Number of protein chains: 2
Amino acid sequence: MITVKARELLADADYVLHDALISPDTLALCGPDVRLERVGKRGGQEGALQDDITARLIELARAGHFVVRLKGGDPFVFGRGGEELAQLALAGIDVIAVPGVSAAFAAPESVGVPVTMRGIASSVAITTAQGGGSPARLEALARAADTLVVLMAREGLGEVTAALARAVGATRPAVLVSKATLPDQRSVSGPLSDIAWLADREGIPAPATLIVGDVVAYAGPTGVIAMRQGR
Amino acid sequence: MITVKARELLADADYVLHDALISPDTLALCGPDVRLERVGKRGGQEGALQDDITARLIELARAGHFVVRLKGGDPFVFGRGGEELAQLALAGIDVIAVPGVSAAFAAPESVGVPVTMRGIASSVAITTAQGGGSPARLEALARAADTLVVLMAREGLGEVTAALARAVGATRPAVLVSKATLPDQRSVSGPLSDIAWLADREGIPAPATLIVGDVVAYAGPTGVIAMRQGR
């Protein structure tokens with residue numbers, strides 16, 4: 001699902017600084033002389049690591065190298081690309097930014113769920129379980145938007161689904177997709193109130209995306225989910 | 001910005017049914033023997049045309065052709081891909097769906113605006129000026145989400161910005177991007193209350209995307225916008 005433009009840049013790069021979750025198939029698109037540096041953030045100390053990544057990008061660019069910073073999904077949709085871009089700009093580094101297919105849309109689509117649908121959903125909101133602020137903020141978002149997508153939803157899933165159930169009702173259709181579009185993609189679906197225990201029972205791992213709204217039920221009975229398994 | 005997967009499918013297609021706004025460069029990715037059919041919807045009668053498109057897809061697929069239905073952006077984010085997919089499934093046609101980079105994210109990024117930003121915006125909502133329902137729905141969405149993206153915002157822009165100003169204040173930073181990522185891309189930015197007259201004064205044409213939120217002001221002073229003009 002990488003873009004043609006991104007593939008061209010990978011082929012030309014001297015250095016590629018990539019996140020931990022980038023697949024080997026994607027890294028294989030780099031040229032033969034590329035130097036790969038994995039800079040993925042996992043767990044704590046994100047701030048310090050983020051500064052290290054930016055410092056390394058600036059160091060390599062100033063040394064005259066053509067550097068690609070490769071992120072999964074879209075770098076400006078909960079990808080902290082905005083921060084890196086601003087710091088590089090302040091350092092006087094020339095940057096081009098190439099959008100990608102965001103997990104916010106790829107995850108629902110991987111289980112056949114269109115995030116909008118005429119007559120069913122004319123708005124979609126996206127947030128994360130961690131960065132979304134208070135449960136009250138999450139509830140307001142769920143009430144205002146027809147479809148809600150919660151990224152990085154596996155940790156604290158019980159609290160998130162409980163808050164959402166208060167906002168839009170325990171029976172609102174929901175689906176949790178783990179490792180969307182990867183070979184080991186898995187999902188559980190059902191009413192909002194059942195998603196957390198279903199995920200525990202099935203041992204659904206992080207990272208996972210939660211999608212809540214009538215579009216989820218729509219995708220089911222029409223066979224859209226079954227049809228698209230072959231993708 | 002097309003994906004590698006989409007390009008492969010275009011190269012193999014017998015027929016490509018494409019929307020009106022697809023660029024000649026993209027259509028040039030098709031194989032030499034492809035038959036192109038433009039099925040773009042403009043103005044009224046969308047329902048009837050939509051049925052015609054689906055009927056044609058089914059006719060060609062049943063005749064044994066490999067058919068690509070090519071849409072700009074992402075087909076399942078206000079692209080009516082969900083409808084086409086469901087009807088094809090009901091007709092027993094095998095379909096694979098390939099996500100694309102949505103205008104909902106590509107448009108803000110084309111003017112250097114990250115839709116999320118740590119400490120500034122941890123949620124984003126997307127809707128359209130036409131399909132978003134009542135002004136009250138739009139206002140609730142603007143209040144609940146840190147960043148709001150309104151697709152197809154040129155028509156009725158005055159009403160939309162007035163409703164949003166009631167919800168989040170007339171001084172909330174906003175930018176309107178016309179024909180995002182295309183060679184003739186143009187934009188105007190300023191406080192929400194100024195966007196409609198700025199767009200009229202500058203003659204900004206449809207289709208255009210409106211982005212509202214503090215991330216817009218963030219992108220400006222740091223030079224992110226200027227830096228990314230070279231993309």
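This is a predicted model: local features need pLDDT of at least 70, side-chain atom pairs count only at pLDDT 80 or more; totals for chains, interfaces and linings use all residues.
Visitor: Why is Cys30(A) called buried?
Guide: Buried means under 20% relative accessible area. Cys30(A) comes out at 10%, so it counts as buried.

Visitor: And what makes Cys30(B) buried or exposed?
Guide: The cut-off for buried is again under 20%. Cys30(B) has 11% relative accessibility, so buried is the word for it.

Visitor: What makes you say that chain A and chain B are in contact?
Guide: Contact takes heavy atoms within 4.5 Å. On that basis, 54 residues of chain B touch 54 residues of chain A. Put together, the two chains bury about 4700 Å², with 62% of it on carbon and sulfur atoms.

Visitor: Why is the pairing of Asp146(A) with Arg137(B) called a salt bridge?
Guide: The nitrogen and the carboxyl oxygen must be within 4 Å, and that is the test to pass. For Asp146(A) and Arg137(B) the closest N and O atoms are 2.5 Å apart, so the pair qualifies. Across the interface of chain B and chain A, the rule finds four salt bridges.

Visitor: Which parts of chain B supply the side that touches chain A?
Guide: Several elements give at least two residues each, including α1 (4–12), β4 (123–128) and α6 (135–144) of chain B. That side of chain B divides into 30 nonpolar, 13 polar and eleven charged residues.

Conventions. Residues are numbered from 1 along each chain as its sequence is written. Chains are lettered from A and ligands numbered from 1 in the order in which they are written. Side-chain values use heavy atoms; hydrogens and water are left out. Buried means under 20% relative accessible area, exposed over 50%, partly exposed in between (1.4 Å probe, protein chains only). Buried area is the accessible area (1.4 Å probe) that two parts lose on being put together, summed over both. A salt bridge is a side-chain nitrogen of Lys or Arg within 4 Å of a carboxyl oxygen of Asp or Glu. Helices (H or I, at least four residues) and strands (E, at least two) are DSSP runs, numbered from the N terminus. Ala, Val, Leu, Ile, Met, Phe, Trp, Tyr, Cys and Pro count as nonpolar, Asp, Glu, Lys and Arg as charged, and the others, Gly among them, as polar.
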